[in-house]
2 protein chains.
Amino acid sequence: MEEHKSRVTAESIEHERPADAADILEKLPLEEELDVVRKLDTEVAARLLGEMDPEDSARVIAAMAPERVAQIVEAMPPDEAADIIPHIQKLLRWELFDKLNPQTAATLKNLLQYPPDSAGGIMTPEVITVTEDMTVREAIERLRRLESQVEILYYVYVINNQQQLVGVLPMRELVLKDPQTPVRDIMVRDVVSIPVEMDREEAARIFARYKYYALPVVDSAGHLLGKITADDVIDVLNEEASEDIQKMAGAGGDEKVDSPIRFSFRKRLPWLQVNLATAFFASMVVGLFQDVLSRAAILAVFLPVVAGEGGNAGAQTLAVVIRAIALGEVSAKNIWRVMWRELCLSASTGLMIGLTAMAVVYLWVRQLSLALAIGGAMFINIVVACLGGAAIPLGLKAIGIDPAQSSSIFLTTLTDVVGFGTYLGLAAVIMKVF
Amino acid sequence: MEEHKSRVTAESIEHERPADAADILEKLPLEEELDVVRKLDTEVAARLLGEMDPEDSARVIAAMAPERVAQIVEAMPPDEAADIIPHIQKLLRWELFDKLNPQTAATLKNLLQYPPDSAGGIMTPEVITVTEDMTVREAIERLRRLESQVEILYYVYVINNQQQLVGVLPMRELVLKDPQTPVRDIMVRDVVSIPVEMDREEAARIFARYKYYALPVVDSAGHLLGKITADDVIDVLNEEASEDIQKMAGAGGDEKVDSPIRFSFRKRLPWLQVNLATAFFASMVVGLFQDVLSRAAILAVFLPVVAGEGGNAGAQTLAVVIRAIALGEVSAKNIWRVMWRELCLSASTGLMIGLTAMAVVYLWVRQLSLALAIGGAMFINIVVACLGGAAIPLGLKAIGIDPAQSSSIFLTTLTDVVGFGTYLGLAAVIMKVF
C-alpha cells in the first residue's frame with residue numbers, strides 16, 4: 001500500500017491538529033503507536049491521548065512506564081483523563097494513582113464518582129473563578145496569573161467566600177468595562193446552572209434551549225464544581241442520537257461501523273433472539289387459523305401486506321415520539337394530546353390505506369369477502385400501530401427504561417399479532433357469513 | 001382551566017428568558033399573542049420573535065403594521081430574521097423590504113440566497129473584525145465602539161485590506177496581552193474556516209471534530225461572510241437527528257408531536273402508499289407458491305418469522321450505517337470494509353438464529369423438511385438483510401438522495417421478497433425431494 005509508505009513519526013504528528021493526529025495514530029499497530037507517543041513532548045502526548053478513543057488511549061497507556069503516564073495524565077484536562085481511566089486495568093490504575101500528584105489523584109477520583117451519563121460525568125472541574133469583592137482590574141490580574149492553567153475562557157464565574165456560585169461575568173465585560181468597576185456591579189446574578197446529578201441529555205436540552213456556550217455545574221448547596229461547554233454538548237447529542245436510532249432495532253447504542261465483530265455480535269444477537277421469540281408468538285396467532293388457511297390458501301398471500309403496513313405506520317409514529325422524548329417535548333401534560341393526535345392521524349391514514357388495499361385486492365382476486373377482511377384489518381391495525389408507536393416509548397420511559405430500547409421489536413410484535421388476528425379473524429367470520 | 005387564569009401581559013413576558021417567553025406566547029391564541037407583542041419594547045419583541053418557531057413568528061408579523069415590523073426586524077439578528085422571512089406571504093415581504101433600512105434589506109436578501117441546509121443558511125453575517133495592522137489597544141477601542149452592535153464575542157476575526165480572513169484572535173489574548181502588541185504578532189494564522197456553500201451537516205462535523213465555539217464562513221476567494229456558532233450547530237444536530245430517524249420510516253423529517261394533523265397526514269400517506277405497493281409486490285412472491293401453500297397450510301404459519309427476523313437484522317445494520325454516514329465515518333475508502341464486516345457479522349448471527357429457528361420449528365411441528373427450509377431461509381435472509389441495510393443508505397447517498405429517506409421501507413421490501421422467496425422456494429424443493 002503506497003500511501004502508508006511515508007512513515008508516521010513524532011515530528012510529523014506534532015504538526016497535525018490533535019483530532020487529525022489522533023486519527024492517524026489510531027490506525028497504526030500498537031507497537032508503532034507506542035514508538036510515536038514515547039517520543040512526543042508531554043503536552044502534545046496529553047492532547048493526543050485526550051483526543052483518541054478512550055479505549056485506545058487506555059491500551060497505549062497500559063503499555064507505557066507508569067512514571068511517564070503520570071506526567072502525561074497531569075498535563076491532561078481532568079475530564080479527558082477521567083474518561084480514559086475506567087478502561088485501564090485495576091492494578092495499573094492503582095499504580096497510576098500512586099504516581100500522580102495527590103491533588104490530581106483526588107480530583108480524578110472525585111470525577112470518577114459521577115455516572116458517565118450525568119452532568120458530573122461530562123463536566124470539567126477546571127473553572128476560572130473570581131470573588132464578588134474584586135474589581136475588574138483585580139479580576140484581570142488573577143486571570144493573568146492563572147494563564148498557564150487556563151484552557152480557554154469565555155465566562156468567568158463569580159463565587160462568594162463560601163465557594164458558592166453567585167454570578168457570572170462574560171469575558172467581554174472584562175475587556176470593555178472600566179478597570180475600577182467592582183465585579184459585583186457588572187456580574188450577571190441570574191445564573192443558569194446545572195445540578196451535578198442531572199442527566200446529561202437534560203443538560204444538553206438546557207443548552208439547546210437557552211443557547212449558552214458554557215454552563216456552571218453546582219452541587220445541591222450551590223457550590224461550584226465545574227463547567228460544561230458547548231463542545232461537550234455536541235458530543236452528547238451525537239452519542240444520544242446514535243443510541244436512540246440504534247437501540248430502536250436492538251443494535252448496541254455504542255456500535256460503530258468499525259466496532260469489532262465480536263462486540264456487535266454480542267449486542268445484536270440477544271435482541272434478534274427476542275425478536276425470534278415474539279415472531280413465533282405472532283406465528284402462533286396465524287396457527288390458530290390453520291384450517292381457514294387450508295381452505296383458502298389465498299389468505300396467506302396477503303398476510304405480509306397487513307402486517308407490513310401496520311409496522312410501517314407504527315414506525316412513523318415511533319420515530320416522531322422518540323425524538324420528542326429526546327428533545328423534551330413530551331411531558332405528563334401533553335401525553336394525552338399526543339395520543340389523541342395519533343388517533344386522528346392514524347384513523348385518516350388508515351381509512352385511505354384500508355380503502356386502497358380493499359380496492360386492489362378486490363380487483364386482483366374478485367372476492368369481496370377477502371377485500372373487506374383486508375381493508376378492515378388494515379384500518380384497525382394502522383390505528384393500533386400508531387397508538388402503540390406512541391405508547392411503547394412513553395411506557396418504557398415511565399417504567400424507567402430507555403424509551404428507544406428495542407421499541408421497534410415490541411412494536412412489530414404488536415402489529416403482527418393485531419394484524420394477523422384481525423385479518424384472519426375477519427376473514428373467518430365473513431367467509432362463514434357468505 | 002385554573003392555570004390559564006393568570007393573564008399573560010407584556011410586563012409578565014418581559015421578565016422571562018426569551019426561550020420561556022416564546023413558549024408561553026406560542027400557546028396563546030393569535031389575537032392575545034398580538035396584544036402582547038404590540039405592547040412590547042422593540043428590542044424585547046425582536047428577541048422573542050427570533051426565539052419563536054419561524055412559522056409562528058411569520059403569522060404574528062403578518063398581522064402587524066409593516067412600519068412596526070420593520071422596526072422589529074431591524075433589531076433582530078439577521079440570521080433569525082432570514083429564517084422567518086420565507087414564511088411571510090410574498091406581497092407582505094415586498095412591503096417589508098420597502099420599509100427596511102436599505103442596508104438591512106440588502107443583508108437579508110443576501111442571506112436568503114443561501115440554501116437553508118448550507119453553511120450560508122445557518123451563519124450570521126454579524127462578525128467583529130479587526131485589521132492585522134492594529135495593536136491590541138486599537139483592537140479593544142474598536143470593540144468598545146462596536147459594543148452596542150456586538151452580540152457576544154469570543155473570537156475576533158482579523159482581515160487584511162482586501163477583506164480576506166487572515167487570522168483569528170481569541171478574546172483571552174486581548175485581555176491578557178500587552179496593549180502595544182500588534183495584532184499581527186498574536187493572531188492565530190492557521191484559521192479553520194467553513195466555505196459558505198458547505199452542507200450544514202458537514203460544518204457541524206467540523207465543530208464536533210475540532211471542538212470550536214465559533215467558526216468563520218468564507219467565500220471561495222477567502223472573503224469573510226459571517227460566522228457559525230456552537231448553538232447553531234446544536235440546533236443543526238438536533239434537526240438532523242430528527243430528520244434521519246423520522247425519514248427512515250417515511251415520516252416527515254420536520255414532523256413534531258404537535259404538528260398539525262393535516263401536515264403529518266400529507267407527509268406520511270405517500271410513503272404508506274409506497275409501502276403498500278411494495279408489500280403487494282412481496283405478496284405476489286407468496287402468490288407464486290399458492291399451490292404449495294394449499295398443500296401445506298402450515299407453511300403460512302412461519303411466513304412472519306422469516307420475514308420479521310430478516311427485517312430486524314437489517315434494521316440493526318441500517319441504523320448503525322445511517323449514523324456512520326451522519327457522523328462522516330463512512331467514506332469511499334472504507335465502504336468495502338463496512339460491507340465485509342456486515343457479511344461476517346450477519347453470517348454469524350444468521351447461523352445462530354437459523355439453527356435456533358430450525359430447532360424450534362422441528363420440535364413444534366416435527367417436520368424436518370419444514371425446519372430445514374426455515375433455517376436455511378433465515379440464514380440467507382439475515383445475510384441479505386445486513387448487506388442491504390448497509391447498501392441501501394450508501395446507495396441512496398451515492399445517487400444524491402438523503403440516505404435515510406424511507407430506507408426502512410426499501411429494506412423491508414428486500415427482506416420480505418428474499419425471505420418469502422427462499423423460504424417457500426426451499427420448502428417446495430425439499431418437499432418434492434422427500
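Modeller: A salt bridge here is a side-chain nitrogen of Lys or Arg within 4 Å of a carboxyl oxygen of Asp or Glu. The model is predicted.

Colleague: Which residue forms a salt bridge with A:Glu240?
Modeller: The closest N and O atoms of the pair are 3.0 Å apart. A:Glu240 lies in helix H15 of chain A and its partner in helix H14, so the pair ties together parts 40 residues apart in sequence. Both residues are buried. The partner is A:Arg200.

Colleague: Is A:Glu239 buried, partly exposed or exposed?
Modeller: A:Glu239 forms a salt bridge with A:Arg200, with the closest N and O atoms 3.0 Å apart. Buried means under 20% relative accessible area, and exposed means over 50%. A:Glu239 has 42%, so the class is partly exposed.

Colleague: How many salt bridges cross the interface of chain B and chain A?
Modeller: The contact takes 114 residues from each of chain A and chain B. About 10500 Å² is buried between the chains. Across this interface, the count of salt bridges is 14.

Colleague: What axis relates chain B to chain A?
Modeller: A rotation of 180° with 0.1 Å of shift along its axis superposes chain B on chain A, at RMSD 0.1 Å. 100% of the interface residues of chain B are also interface residues in chain A, so the copies meet through the same surface. The relation is that of a two-fold axis.

Definitions and conventions
Residues numbered from 1 in each chain as written. Chains lettered and ligands numbered in written order. Predicted model: local features only at pLDDT ≥ 70, side-chain atom pairs only at ≥ 80, totals over all residues. Heavy atoms only, no water. Contact = heavy atoms within 4.5 Å. Buried area = accessible area lost by both parts, 1.4 Å probe. Least-squares fit on C-alpha atoms with pLDDT ≥ 70 in both. Buried < 20%, exposed > 50% of the residue type's maximum accessible area, 1.4 Å probe, protein only. Helix = DSSP H or I, 4+ residues; strand = E, 2+ residues; numbered from the N terminus.
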